[in-house]
Amino acid sequence: MAAKGSDLCFRCHDRGAYETGNVHKPVAEGCLACHPAHGNAAPAKPNPSTPTGKDGAPASANAAPKTHSSLTPAAPELCLRCHDVKKGGFTDKHDGFDVSRSDCNSCHSPHASKAKGLVRPVVHKPAADHDCASCHLEPDEMSAEQKALAIPPLRAPAEKLCKLCHADRMTDFAGRPGAHPPVKEGKCLSCHAAHASEHKGLLLADANATCASCHDLKAKLEPLTLPNRTPHPPVMDGKCLDCHDPHGGADKTLLVKDQRELCASCHQKMEPEFSREIAHAALDVCTSCHAGHGSVQPAMLRTVGADLCLRCHKDHAERYKNDQLHKPVAQGMCLVCHEPHASNNHGMLRKPGSELCLDCHKNTAKTTEGGSVHAPAQRGECLGCHDPHSAPRSHLLKLEEGKLCASCHGITQKELDGFAFKHAPAQAGACLACHSAHTAPRPKLLTQAPRETCLGCHGNLDAESKLPGAVAHKPFEEGQCLDCHMPHGSKLRGLAKEGAPALCTKCHDVKAPAIVQKHIGQPFAEADCLACHTPHSAQGKGLFWPFRHQPFAEQRCQECHETSK
């Protein structure tokens, strides 16, 4: 055996705690004077006044277990082997009460104490004043049956006795919205010792162990000790009373302060959050998002990602069924865009307006010299067109493309309906077929030069202009399609801005001698130019249609028309 006698016991038990102040004589003689080495077959006897630690273990050196099964025999029989209750002065020290059947440990420490008589350090005032009769019937008031009881009878039920001295406090506690059930029911001795204790407030055990006697903390806390868990430090340190009032609070959680004030007393970095312009509605109730005792999630969150936010923001849950989700939303990463506690920006955004969007969409508002920027993009009004969370359309557009553009731009469906001829993309609401939504290297947000934009669909015209011997109309060759055509719709065929000859005469002077000569004196100022000429390209000069009436081809106009004089 590595050690002998009490030395062997002190391999587990703290020797210093057993040798402090006044030491009980048997302690010096050896632990086996009172304790069997291996156990006791005697039935366990409850000892409600004994302070204990977690899981029923002694809370200190002077705290016997909850039962006396480790003693041989149990108190008071064991105590009476040495202490003669009939000896002079013994009864006087106990105010005339016969304590021969009482539990000595309810007042005395079994091992050591700084107080005379091994009295426990925290003593109930009536007991300290030797005023036992304030709670118990005096011997001359007892019947024979009452004198035979182990504990002298109380003058009244315990809850009424406590109220005689603690009336104001008990009324206050019981009247609180969140009164602790034992307080409300007047069961003071559920937590407090009647005579003396090792713990402040006459608690039966240390605060955490007292709480654990009703609240199954072990089941709750054990999972939090595993890796990658986040326990609340006061809970793990057994400091229940740092947060909870043991008697009552403003609500059923028995908190000692308003929740926001309580949490901020430790989490002082939260103070600046309270002064921001927009606060999360849950900021006053931290446990809306955070678990009070601990969590298997980071930051003691009740759950993670969007699941946590959707517990309150239920309207978003339905919207998230849309086909298109913003990537952070799809990944449940609400905090990519939003502050969790407070912000100076609308919607509790981390940055104002487009600054936040541009963190990810960096090139959206960039342009080059001579280019153009969509006004909402330039003003940082991304949400004018896009839903930040989800939409049933691509690019998270709030409305269908055409309707969205028309909500600011004057090309409404009604106006389009007024055109006899409509540009197919405009009619289909496909504005982005020609225009960029945000920026473009050209005016009017055109994604390409006008000629390339138009030829993206009208490629046959380009092919014809490149045939051998082909001659292109100058505006067409220079890509000035909009000199002649309306971009969205027109009352005239071909989306012409005006009919011929009015449109043609904007460039061609009908009085110019060369033009008059080419028309061999025929009156053409009011003629339909397109009756003879193609508007884009043709084989040979003059842009004539490839199939011509023979007299016209041979310039024999007078055979059909009168020659002007």
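The model is predicted. The chain has 27 helices and 18 strands. Its radius of gyration is 48 Å, well over the 24 Å that the globule rule gives for 565 residues, so the chain is more spread out than a compact globule.

**Overall dimensions and contacts**
- The C-alpha trace spans about 160 × 55 × 35 Å along its principal axes.
- Among contacts with a separation of 6 or more, 54% join residues 24 or more positions apart.

**Surface and charge**
- Buried residues make up 28% of the 565 in the chain.
- The chain exposes about 35400 Å², and carbon and sulfur atoms supply 58% of that area.
- There are 65 positive and 62 negative side chains. The centres of the two sets lie 2 Å apart.

**Nonpolar core**
- The largest nonpolar core has five residues: Leu 217, Leu 221, Leu 224, Val 235 and Cys 240.
- Leaving aside residues up to four places away in sequence, Val 235 touches Asn 208, Leu 221, Gly 292 and His 293.

**Cis peptide bonds**
- Ala 75 and Pro 76 are joined by a cis bond, with omega near 5 degrees. Pro 76 sits in the loop between α3 (25-29) and α4 (77-80).
- The bond between Ala 500 and Pro 501 is also cis, with omega about 5 degrees. Pro 501 lies in the loop between β17 (489-490) and α26 (513-518).

- Met 300 has a phi of about 60 degrees. Its loop runs between β9 (294-295) and α15 (305-309). Met 300 counts as buried because its relative accessibility is 14%, under the 20% cut-off.
- Lys 444 also has a phi of about 60 degrees. Its loop runs between β15 (439-440) and α23 (450-455). Lys 444 is exposed, at 63% relative accessible area.

Note on methods:
Residues numbered from 1 in each chain as written. Predicted model: local features only at pLDDT ≥ 70, side-chain atom pairs only at ≥ 80, totals over all residues. Heavy atoms only, no water. Core = buried A, V, L, I, M, F, W, Y, C linked by side-chain atoms within 4.5 Å. Buried < 20%, exposed > 50% of the residue type's maximum accessible area, 1.4 Å probe, protein only. Contact = heavy atoms within 4.5 Å. Helix = DSSP H or I, 4+ residues; strand = E, 2+ residues; numbered from the N terminus. Rg over C-alpha atoms; globule rule 2.2 N^0.38 Å. Areas by Shrake-Rupley, 256 points an atom, 1.4 Å probe, with all protein chains shown as cover. Lys, Arg positive; Asp, Glu negative; His and termini not counted. Charge placed at Lys NZ, Arg CZ, Asp CG, Glu CD.
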